[in-house]
Amino acid sequence: MSRPRILLTGANGQVGWELRRTLSSLGEVVALDSRAMNLADTAAVRQKVRNIAPSIIVNPAAYTAVDKAESEPERARAVNAVAPGILAEEAGRLDALLVHYSTDYVFNGSGTTPWREDDVCDPLNVYGATKLAGERAIQAAGCRHFIFRTSWVYGARGSNFLLTMRRLMRERPELKIVADQIGAPTWCRDLAEATALVLSQIASPARSFDQWGVYHMTHAGETSWHGFAEAIQALDETLASARLLPIPGCDYPTPAQRPLNSRLNNDRLEQAFGLRLQDWRAALALCVSER
Ligand SMILES: NC(=O)c1ccc[n+]([C@@H]2O[C@H](COP(=O)([O-])OP(=O)(O)OC[C@H]3O[C@@H](n4cnc5c(N)ncnc54)[C@H](OP(=O)(O)O)[C@@H]3O)[C@@H](O)[C@H]2O)c1
């Protein structure tokens with residue numbers, strides 16, 4: 001059987017970087033960064049997809065600057081809302097599968113129950129609204145697709161809470177950290193491995209599959225940003241001198257409002273694929289040990 005051609009966007013992002021490796025076990029990966037394919041240029045995106053003619057498109061690229069999106073809504077919309085729809089249309093023409101990533105920020109953060117895939121979406125900020133619009137554009141295009149909603153993504157490279165905290169804990173004697181927003185930190189490597197596992201399962205010739213759609217995909221367990229910071233500190237004695245003060249989100253104003261409850265219920269992923277990501281603390285320890 002010939003190996004599928006997989007078009008990967010955002011290949012230098014946190015998740016994209018890890019997907020380069022995990023997807024290569026499944027097929028021929030054509031990995032494009034934002035210079036090779038600018039998602040804000042719809043004509044170029046269509047042309048590129050048609051030239052490459054993949055049987056799977058994996059799209060971790062996104063405008064992820066949550067606060068900046070408040071003042072650049074059109075740029076965020078082009079990448080997060082319009083481009084996924086174009087990719088989905090092109091996937092439909094090729095009868096290709098589209099794998100896309102979305103976010104806990106599609107929810108308004110009310111309550112304390114983990115959100116399920118079919119709960120009502122009500123984003124609080126521009127980033128969340130544009131990501132939700134991207135989900136809807138994919139659904140409207142009607143191609144086979146997976147939308148993996150994840151949260152609080154970090155890894156050993158890129159721009160993320162883990163690396164920012166490690167730097168600040170060295171630079172400052174005291175840090176104030178939000179303690180009333182609850183979610184699950186998710187290691188980009190495990191997200192990429194889970195994606196490849198899902199794809200390998202549906203590629204199995206013995207399996208006829210029809211459960212396309214939205215899946216939540218985060219590590220097990222939950223914490224606050226303050227709890228996440230404490231766990232980062234506990235894994236490295238050279239960070240021990242910084243005092244970590246818990247504060248409410250309202251004492252740390254940002255341009256974009258964040259949800260208080262970012263918990264995602266991952267049962268659907270387990271039911272469909274027998275897959276549950278490990279506890280966030282174990283993943284964090286592994287990530288830090290590999291740096
Ligand atoms: N980070 C999080 O905490 C988080 C939480 C929930 C969900 N997610 C979702 O998970 C997915 C992966 O996130 P991530 O953390 O890996 O993001 P990331 O590290 O910020 O990477 C995003 C990638 O998108 C690319 N990109 C941005 N604008 C582009 C454009 N116009 N054309 C082509 N590529 C463009 C960037 O390329 P350049 O670097 O070249 O600009 C970058 O490589 C995204 O869908 C995101 O919305 C992330």
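Author: We begin with two helices, where helices (H or I, at least four residues) and strands (E, at least two) are DSSP runs numbered from the N terminus. In α5, Phe-161, Leu-162, Met-165, Arg-166 and Met-169 are in contact, meaning heavy atoms within 4.5 Å, with Trp-225, Phe-228, Ala-229, Ile-232 and Gln-233 in α7. This is a predicted model, in which local features need pLDDT of at least 70, side-chain atom pairs count only at pLDDT 80 or more, and totals for chains, interfaces and linings use all residues. Residues are numbered from 1 along each chain as its sequence is written, and side-chain values use heavy atoms, leaving out hydrogens and water.

Reader: How many nonpolar residues does the contact of α5 with α7 have?

Author: Ala, Val, Leu, Ile, Met, Phe, Trp, Tyr, Cys and Pro count as nonpolar, Asp, Glu, Lys and Arg as charged, and the others, Gly among them, as polar. Beside 1 polar and 1 charged residue, the contact of α5 with α7 has a nonpolar count of 8.

Reader: Which element gives the most residues to the shell around the ligand?

Author: The elements that give two or more residues to this shell are α1 (14-24), β4 (97-103) and α4 (126-141). With 3 residues, the element that gives the most is β4.

Reader: Which residue has a backbone N or O atom 2.8 Å from a nitrogen atom of the ligand?

Author: A polar contact is a pair of N or O atoms within 3.5 Å. For Val-15, a backbone N or O atom lies 2.9 Å from an oxygen atom of the ligand, whereas the residue placed 2.8 Å from a ligand nitrogen atom is Leu-39.

How values were computed:
A polar contact is a pair of N or O atoms within 3.5 Å; within protein, one must be able to donate a hydrogen and the other to accept it, and residues adjacent in sequence count only if both atoms are side-chain atoms.
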